[in-house]
There are 2 protein chains.
Amino acid sequence: MTEAPPIANTQNLEDETIAFWMEIAVTLGFPRSVGEVYGLIFISELPLNADDIVSKRGMSRSGAGQTLKLLADIGAIRTTLSSHSRKEHYELQTDLGVLVRLFLNSRVLPRVEELARRQTTLAAQASATGNTHLIARFNKVERWQTKTAPLIALVKSLATTA
Amino acid sequence: MTEAPPIANTQNLEDETIAFWMEIAVTLGFPRSVGEVYGLIFISELPLNADDIVSKRGMSRSGAGQTLKLLADIGAIRTTLSSHSRKEHYELQTDLGVLVRLFLNSRVLPRVEELARRQTTLAAQASATGNTHLIARFNKVERWQTKTAPLIALVKSLATTA
DNA sequence: CAGAATTTACAGAAATTCCTGTAAAAACAG
DNA sequence: CTGTTTTTACAGGAATTTCTGTAAATTCTG
């Protein structure tokens, strides 16, 4: 068998960069295609429009549109103002801090806080019933919450001032 | 319409506790049923076996078995040694620290570190090609990595000594 | 305002994930 | 070792998620 040359050419690098962002996306709970489009804009020097995405990656026009909208909503990309074409063009939001902040505030913190609230409510209810077993269990959960408090605090500080 | 009484009875509390754990599970990237089984064991004073899960929640026998195995693998529950029945019985791993540690070490840190590695490799390849645009982009990513380093450090310390 | 270009909404298709049922494997008791 | 109980593997099925194609809505140009 002939070996593929090990030297990375530009095409390979770009493909792997897109694959990298795809993996980031699924790690953060987005569809792969979200990472794919983000990666494409990441490697592109010029702003891209929906049809660029379609032609470069072969996804459907509406899929490209929806994904671009999602990325814009979460602050990962933004529309460019001065394009000479009529189509909406998108470029990277290069201030990644904005991206991290928006993501934490819209996706992770609300969820974490809602879970903490429910935990507190349930523990209180358990106390009210006098069910010693449940009370003990929730106490353990509460103590663990204390241990991870610094982590939450750090995330919160990132969420506001990153 | 008649209102349901607002006072929480034990059944409600148990159901909501299970629902709570189900939500935790999906937040952590597991199927709902994993949280369901965990919640059931959480509220149960005595160890449970697979058939208990089946009868209490109506899931399939094999599903119950697989889910119990998964929970045992991630350290969330463990088999009890001295059961007078022949079936495997499972009880809560009450040291939640163990659970957090195992989860971080098996699921989150490997992924984070692999992504960081890939990022480094890609940045180096970008440098090698001399593509100034890509180099600049990866520089931004790198700086962001620096900002989140304390977070990773904190997670790592939790992962070893929580 | 009319006509063209572009985006968006939505229903259905494709794909993925999760769960079930059966049957084989393993563990155990006598 | 034999028969029974319990667990595990795996193929197929159900449900959820993601993507596509069409058609309606919007935006823009002249």
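Colleague: Happy to dig in! How many residues does the contact take from chain B and from chain A?

Modeller: Keep in mind that this is a predicted model. A pair of residues counts as a contact if the C-beta atoms, placed from the backbone, lie within 7 Å. By that test, the contact takes 37 residues from chain B and, from chain A, 37 residues.

Colleague: Nice. Which helix gives the most to the side of chain B that touches chain A?

Modeller: On that side, H1 (10–27), H2, H5 (96–129) and H6 (132–161) of chain B each supply at least two residues. By class, the side of chain B that touches chain A has 20 nonpolar, 9 polar and 8 charged residues. The most, 12 residues, comes from H6(B).

Colleague: Now the DNA. Which element gives the largest share of the surface near DNA strand D?

Modeller: There are 19 residues around DNA strand D, and among those that come nearest are Ser33(A), Ser62(A) and Glu88(B). Two or more residues each come from H2 (32–43) and H4 (61–73) of chain A, and from H4 (61–73) of chain B. The largest share, 4 residues, belongs to H4(A).

Colleague: And for DNA strand C, how many residues of the nearby surface are charged?

Modeller: Around DNA strand C there are 18 residues, with Ser62(A), Glu88(A), Ser33(B), Ser62(B) and Gly63(B) coming nearest. Elements giving two or more residues here are H4 of chain A, plus H2 (32–43) and H4 of chain B. The surface divides into 3 nonpolar and 9 polar residues, while the charged ones number 6.

How values were computed: Residues are numbered from 1 along each chain as its sequence is written. Chains are lettered from A and ligands numbered from 1 in the order in which they are written. This is a predicted model: local features need pLDDT of at least 70, side-chain atom pairs count only at pLDDT 80 or more; totals for chains, interfaces and linings use all residues. A residue is near a molecule or strand if its C-beta atom, placed from the backbone, lies within 6 Å of it. Ala, Val, Leu, Ile, Met, Phe, Trp, Tyr, Cys and Pro count as nonpolar, Asp, Glu, Lys and Arg as charged, and the others, Gly among them, as polar. Two residues are in contact if their C-beta atoms, placed from the backbone, lie within 7 Å.
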